[in-house]
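Subject: Structure handover and notes

Hello,

Here is the structure for your files. My notes on it are below.

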Amino acid sequence: MTAAAGKASKLPVTILTGFLGSGKTTLLNHILRENHGKRIAIIENEFGEISIDSDLVVSSEEEIYEMSNGCICCLASVRGDLLDVIRKLMSRRDRLDYILVETSGLADPMPVAQAFFIDDEVLEEVALDAIVTLIDSKHIEQHLDDIRYDGINGQAVDQIVSADRIILNKVDLVDEGTIERIEGRIRKFNQRSEIDRSSYAEVNLDAILGIQAFEISQRAASDPSFLEDHHVHSHDPDVEACSVRIGGELDRGMVEAAADGIAADYGDDLLRWKGVLAISGNDRRVALQGVHRIFEIHDLDRWDGPHRDSRAVFIGKNLDREDLAGRLSRCAV
């Protein structure tokens, strides 16, 4: 059997990465809505103690696995949990065509990729197809300008360097000159990856799934220690996740006013905010999605079950947990 044929017989895996708010969940929803004919399992890793992302994914028949017990890139125990999930999926290989691994917005994808090559059992069954990185065109430059060289890795740069395919998302929010400047800056970190543009993460799925772009030989040539299990990754210690849970229903108008205030007061330091809310008089779950000062509130699907509460996570620097929780709590009906 040729190497290409052997790879084709394995279950393909795509690692989906991108900095906070780049549009990874939106891309997942786009994939799940498209008629591509693939049976996909999704593995999600979140930064924060409350699970939000899986509730923001559209209802589908796909299997979704959550990993919220630590960052998948810097904790060996969590990477072990990832391999356990992969083995579980392998036991149902006849019901699957593809695996998508969505990393947290603060993850370095290379240690995640490395995990697929340090376990012989997994290596025989799955093939890493590509690392796909989404980029938020509106905010990426301020993250590139904020690179620190004191031992703390710049997550946005890590994700660009690691990418086999780059999706420059939210191009509708910037002008052509800005897009071209961003593409030039990306090329300084990654010259091999193709760059596609998108709005609302609507991309040609043939450009990101089944592209067989991850080549271990290329990785080993550029980083001889790639397969050695000593990849060290550090998050910015100033970045924290503040989780809020509120029982009962919230008033829509008060939520919108509170969100305006949060955006105004915390916008510079608020890298990402997201939530699933129970709004009085609305039988649907309501999503709160924000990046810095930009946010939106929109309906999701109907609530499943009688219990209704609201959950939100704020990720950033210099956040006041009690203040943020109090602003949402005061919206309770």
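Predicted model: local features only at pLDDT ≥ 70, side-chain atom pairs only at ≥ 80, totals over all residues.

Residues are numbered from 1 along each chain as its sequence is written, and side-chain values use heavy atoms, with hydrogens and water left out.

Overall

The protein chain contains twelve helices and twelve strands; these are DSSP runs, with helices being H or I of at least four residues and strands being E of at least two, numbered from the N terminus. Of the 333 residues, 56% are buried. Here buried means under 20% relative accessible area, exposed means over 50%, and partly exposed lies in between, with a 1.4 Å probe and protein chains only. The chain exposes about 14700 Å², with carbon and sulfur atoms supplying 46% of that area; the areas are from the Shrake-Rupley method with a 1.4 Å probe, and for residues only the protein chains shown count as cover. As for contacts (heavy atoms within 4.5 Å), among those between residues at least 6 apart in sequence, 77% join residues at least 24 apart.

The cavity

One cavity of 30 Å³ or more was counted. A cavity is a set of points, on a 1 Å grid over the protein atoms alone, where a 1.4 Å probe fits but cannot get out; its lining residues have an atom within 4 Å of a point. Grid points are joined across faces, edges and corners, and the volume is the space filled by probe spheres set on the points. The largest cavity holds about 80 Å³. Its lining consists of F19, L20, S22, L134, I135, D136, H139, I140, H143, A156, Q159 and V291. Elements giving two or more residues to that lining are β5 (126-136), α7 (140-144) and α8 (155-162), and β5 has the largest share, with three residues. By class, the lining has seven nonpolar residues, four polar and one charged. In this count Ala, Val, Leu, Ile, Met, Phe, Trp, Tyr, Cys and Pro are nonpolar, Asp, Glu, Lys and Arg are charged, and the others, Gly among them, are polar.

Two of the lining residues were looked at separately. I135 sits in strand β5 and is buried, at 3% relative accessible area. Leaving aside neighbours within four places in sequence, I135 contacts S22, I140, I160, I166, I167, L168, N169 and I186. Its C-alpha atom is 9.5 Å from that of R197, 62 residues away along the chain. L20 lies in the loop between β1 and α2 and is also buried, at 7% relative accessibility. L20 and A156 are 136 residues apart in sequence, with 8.8 Å between their C-alpha atoms. Not counting residues up to four places away in sequence, L20 touches G105, L106, L271, R272, V291 and I315.

Covered helices

Seven of the eight residues of α8 are buried, so this helix is largely enclosed by the rest of the structure. The buried ones are Q155, A156, V157, D158, Q159, I160 and S162. Helix α2 (residues 24-33) is mostly covered, with eight of its ten residues buried: K24, T25, L27, L28, N29, H30, I31 and L32.

The nonpolar core

The largest nonpolar core has 25 residues, and those with the most contacts inside it are I43, I86, L89, I99, V101, F116 and V126. Such a core is a set of buried Ala, Val, Leu, Ile, Met, Phe, Trp, Tyr and Cys residues joined through side-chain atoms within 4.5 Å. Two or more residues each come from β1 (11-18), β2 (40-45), α4 (76-90), β4 (98-102), α5 (109-115) and β5; α4 gives the most, with six. F116, leaving aside neighbours within four places in sequence, is in contact with V13, I15, L82, I86, V101, V122, L123, V126 and L128.

Positive phi

K170 has a phi near 60°, a positive value in a residue other than glycine. K170 is in the loop between β6 (165-169) and α9 (176-189) and is buried, with a relative accessible area of 18%. Q212 has a phi near 50°, again positive in a residue other than glycine. Q212 is in the loop between β7 (194-197) and α10 (216-222) and is partly exposed, at 37% relative accessible area.

Regards

How values were computed:
1 Å grid on protein atoms, 1.4 Å probe; cavity = no way out; pocket = protein on both sides within 12 Å on 5 of 7 lines; lining within 4 Å.
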